[in-house]
Amino acid sequence: MKPEMQAQLIRAAQAARQHAYAPYSRYPVGAALLTRSGKIYTGVNVENAAFPSGMCAERVAVFKAVSEGEQAFAAIAVVTENGGAPCGACRQVLAEFGTDLEVVVADTSGKVVLKTTLEALLPASFGPQSLPRPEVR
Ligand code: THU
């Protein structure tokens with residue numbers, strides 16, 4: 001991803017983070033997922049009084065994109081106060097759509113804390129290729 005695109009993606013994640021619903025953890029997260037077609041889908045964490053019913057920002061972004069017909073992704077930016085990395089469950093959901101995804105984690109100032117790939121974050125992953133029978137779509 002070009003530097004301008006990366007900066008735009010981080011800004012989108014920063015802006016989305018303002019809409020996070022995180023009254024319990026007080027740890028708002030914003031994500032911005034770039035499709036290979038050049039669109040950006042944002043996501044935020046949405047917590048719940050029944051704690052396990054909440055959802056992470058990254059998965060919200062993936063589910064928004066897939067529900068609108070997008071399945072090819074180039075990069076994701078995630079913004080938190082301290083540059084926390086995507087959780088394991090989000091890595092798994094992202095891996096479904098390809099581990100060659102660029103992952104950029106930034107803090108709220110926009111400083112890049114981690115720049116890597118999903119392959120590096122989730123090596124030897126279980127994915128569509130792991131299932132012996134071809135998928136039926
Ligand atoms: N969270 C995310 O949104 N993404 C992650 O990858 C890590 C954790 C959220 C879940 C919860 O709302 C809050 O951050 C604290 O765990």
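Which residues make a nonpolar surface patch of about 430 Å²? Tyr21, Tyr24, Val46 and Phe51 make this patch. A patch here joins residues with over 30% relative accessible area and no salt bridge, with nonpolar side chains (Val, Leu, Ile, Met, Phe, Trp, Tyr) joined within 5 Å and like charges within 9 Å. Areas come from the Shrake-Rupley method with a 1.4 Å probe. Tyr21 lies in the loop between helix H1 (3–17) and S1, and counts as partly exposed because its relative accessibility is 43%. Buried means under 20%, exposed over 50%, and partly exposed in between.

This is a predicted model, in which local features need pLDDT of at least 70 and side-chain atom pairs count only at pLDDT 80 or more, while totals for chains, interfaces and linings use all residues. Residues are numbered from 1 along each chain as its sequence is written, and side-chain values use heavy atoms, without hydrogens and water. Helices (H or I, at least four residues) and strands (E, at least two) are DSSP runs, numbered from the N terminus.

Inside the protein, the largest nonpolar core has 19 residues, and Leu33, Ile76, Leu94, Leu101, Val103 and Leu118 have the most contacts inside it. At least two residues each are supplied by S1, H2, S3, H3, strand S4 (102–107) and H4. H2 gives the largest share, four residues. A second, separate core of 12 residues includes Leu9, Ile10, Ala74 and Val79. Such a core is a set of buried Ala, Val, Leu, Ile, Met, Phe, Trp, Tyr and Cys residues joined through side-chain atoms within 4.5 Å.

Helix H2 covers residues 57–67, and among its buried residues are Val60, Ala61 and Val62. The buried residues of H2 pack against strand S1 (30–35), strand S2 (40–44), strand S3 (73–80) and helix H3 (88–95). Just after H2, Gly69 has a positive phi of about 95 degrees.

Leu122 sits in the segment after helix H4 (118–121) and is buried because its relative accessibility is 18%. Leaving out residues up to four places away in sequence, Leu122 touches Arg91, Gln92 and Ala95, where contact means heavy atoms within 4.5 Å.

There are two salt bridges, each a side-chain nitrogen of Lys or Arg within 4 Å of a carboxyl oxygen of Asp or Glu. Arg36 pairs with Asp100 at 3.2 Å, N to O. Arg36 is in the loop between S1 and S2 and Asp100 in the loop between H3 and S4, 64 residues apart. Lys39 pairs with Glu70 at 3.0 Å, N to O. Glu70 counts as buried at 11% relative accessibility, whereas Lys39 is partly exposed at 43%.

Definitions and conventions: Buried < 20%, exposed > 50% of the residue type's maximum accessible area, 1.4 Å probe, protein only.
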